Amino acid sequence: MDRRRFIKCVGCGAAAAAAGSNYWQDVLGGLQNACAFEFAKELSSVEARYYTKLETGGIECGLCPRHCLITDLERGYCGVRENRKDIYYTLVYGLPCALNIDPIEKKPLFHFYPGTTAFSLATAGCNVNCKCCQNWDISQSRPEQTDNIDLPPREIVDICQSRNIPTIAYTYSEPVVFYEYMYDTAELGHKHNIRSVMITGGYIESEPLTDLLGHLDAVKVDLKAIRENYYRDYVDGELKPVLDRLVQIKKSGVWLEIVYLVIPTLNDTDDEFKELARWVKTNLGSDVPVHFSRFHPQYLLRNLPPTPQKTLERAHQISRAEGLEYVYLGNLPGHPAESTYCPGCGKILIERRGYQIYQNNLKGNRCKFCNREIPGRFT
Amino acid sequence: MSKLSGNPGKFLDQDQYRFLLETGLKIFIGGDPKLFLKSLFPKGAVGIKTNCLASFNPTFKPLADALTELLIKVAGIEENDIIIWERSNRELKNAGYKLNASSFGRRCLGTDTSGVGYSRDFYNSGKVGSLVTRILTRMVDHSINLPVLKDHSVAGLSAGMKNMFGAVNNPNKYHGNNCDPYAADINNLAPIKDKHRLTITDAARVQYDNGPGFDSRSLDYYNGLIISNDPVAADRVALQILEHLRAKNGRPPLAKVGRPVKYLDSAQKIGLGEADINRIDLRVVKVNEKGRERGVSRELF
């Protein structure tokens, strides 16, 4: 990718997300003028965190529950961390391969400063292998196979400050695999009043997550199913650690939202929707937003149809009946369940169509009609 | 397979590799190598996949040179129709190969060469899907797998089948459960399976432990080449040699150290080849340093 193409990519993505908005025109104009990004010629060689050297030789990675055992010159499952003579390196520090300025609603985070933007970035690599991945071309690639931009944490924060972008989002692939880069960027961002949000599958060990949460403002977790066999067969991961991390995030006080991608025949039964809603209500609380998202045939699941709207509405209905207060439907632009309703008076609080906000009836973090407090970060 | 008598503790040179290749092929086909090679590679380009992950213990250039010479002189293949390849140019260079992506002379290039890269289409066998190097999908018509035999920290054995991990974009997704059934799955991907013609495994100098990175303390010399058109059988024989050298050097069997080589049975189950050593038509020819045959048997040691 040459520089012109890169500028075009950044511009098109953001423009498509918010056509017609003066605010976006300003942001885009500024970004194009500031496009001095360098394409990296080499991978990074920054020592990774959370690994132990083994007495028998090799190292054990402790970043995610996979605990890869890696000998010299080999990489972990993620493909972006490499053992070189028993020192473990991250190869993607400061080397994102995808950048964009997104509405925060695209993450989706619906209770987190609605209508604001997020400087969104990802590197190559992922620590699972979801058969439905929509970003497989970067998540399932090694960093040698992607066009990487040389963008250290300092430059990200500078861009956000100079363009009035309040939030950095680590997203698209799996930020856990570029943990060190995310951590340092988030830490630096906080020093300059720039927020950070992680969009993740939640497949991370407890200790690194604890350390990271101190520098994050919100986390969106893709809970891919509520059954272990789905994680085994379609994710190549495990459910239990993800559930544990959800509880950990909730307890930390960092804002949490959940997405559940509904895939026809794989995770779309009434029992699963009930089980999910009950688990969320019991372990996280009824006020954690849950987004049921529509599946489109992708990657290794191109044999399945898109999720029928009725299935998503059934998931919505069951979850509401089980007591979840903020249930949304995603990838169904224009559907009423894209909007936020007050659980107290039932009136519309935030009306959304796609990523656009048409009305916002919050007064601070309260419903302006009945004064009920709405969970989230709004002011 | 062919095995050189004598020459303990030395690198083989190009002439010695050529002796081994010629006699090995002759014994393997039981006839004239020229006719065999011409029928195996009737027309089109031939890709030779090396294993250059560890720059101190790669597929040695003298072997690749000897094979190239044979393909040109005996099989009549155009020099420019031969492509020595790896996943990256850096690995080839570090192993002593001279890169050449031009229209003149033998080509030698990595998948990361500008304009090469990976396929747009997915190939899928088993749980994982992959993009396959365009060297295999577009640039060559026939594939020779030219690995070096060594120990592997996850798979147990690194030989021919493991070498094809270097043909896909996401080899890291294929390492679980001692690479089983993933090594079989990779070799069952259409461009790899359909274009495979020969596996020629360099078992001259074998790293019997602490692989796949280089460990100078774990080297022994077998001085042999394994030649087969059956990728599973070639690896089964390679495993026999590896286990023998491990035992000789006081190392426990791979299964005892948590690295059982399970993927060969999985490969047999999906029809890639023969994993039962007793059912393999094994012919071992010993060659002296002057290239003279010293008898054929089933005895590997």
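In the predicted model, A:Thr167 touches A:Ile104, A:Phe112, A:Thr117, A:Ala118, A:Phe119, A:Ile194, A:Arg195 and A:Val197, when residues up to four places away in sequence are not counted. A:Thr167 lies in strand β11 of chain A, which spans residues 167-170. The relative accessible area of A:Thr167 is 0%; a residue is counted as buried under 20%, and A:Thr167 is therefore buried. A:Gly57 stands 110 residues from A:Thr167 along the chain, and the C-alpha atoms of these two residues are separated by 41 Å.

An open sheet of 3 strands was found in chain A, with the order β3-β4-β5 and antiparallel pairing. Strands β3 (51-53) and β5 (69-70) of chain A form the edges, each pairing on one side only. Strand β4(A), made up of residues 59-61, is joined to β5(A) by 2 bridges, and these two strands run antiparallel. Within this pairing, A:Glu60 has A:Leu69 of β5(A) as its bridge partner.

Two helices of chain A were then examined as a pair. Two packed helices are described by the angle between their axes and the distance between the axes. For helix α4 (residues 153-163) and helix α5 (residues 179-191) of chain A, the axes come within 9 Å and cross at roughly 45°. An angle from 65 to 115 degrees would count as roughly perpendicular, and one under 35 degrees as roughly parallel; α4(A) and α5(A) are therefore oblique to each other. The crossing of α4(A) past α5(A) is right-handed. On the α4(A) side, the contact involves A:Pro153, A:Arg154, A:Ile156 and A:Val157. These meet A:Tyr181, A:Asp184, A:Thr185, A:Leu188 and A:Gly189 in α5(A).

Helix α7 of chain A covers residues 228-235, and its buried residues are A:Tyr230, A:Tyr231 and A:Val235. Viewed down the axis of α7(A), these buried residues fall within an arc of 100°, so they line one face of the helix. An α-helix has 3.6 residues a turn, so residues three or four places apart point the same way. Just after α7(A), A:Asp236 adopts a positive phi of about 60°.

Terms used. Residues are numbered from 1 along each chain as its sequence is written. Chains are lettered from A and ligands numbered from 1 in the order in which they are written. This is a predicted model: local features need pLDDT of at least 70, side-chain atom pairs count only at pLDDT 80 or more; totals for chains, interfaces and linings use all residues. Side-chain values use heavy atoms; hydrogens and water are left out. Buried means under 20% relative accessible area, exposed over 50%, partly exposed in between (1.4 Å probe, protein chains only). Helices (H or I, at least four residues) and strands (E, at least two) are DSSP runs, numbered from the N terminus. The arc is that of the directions from the helix axis to the C-beta atoms. Two strands pair if DSSP finds at least two bridges between them. Axes are lines fitted to C-alpha atoms, for helices over the stretch in contact, and angles run from 0 to 180 degrees between N-to-C directions. Angles under 35 degrees count as roughly parallel, over 145 as roughly antiparallel, 65 to 115 as roughly perpendicular and the rest as oblique. A crossing is left-handed if the near helix is turned anticlockwise from the far one by less than a right angle, and right-handed if clockwise. Contact means heavy atoms within 4.5 Å.
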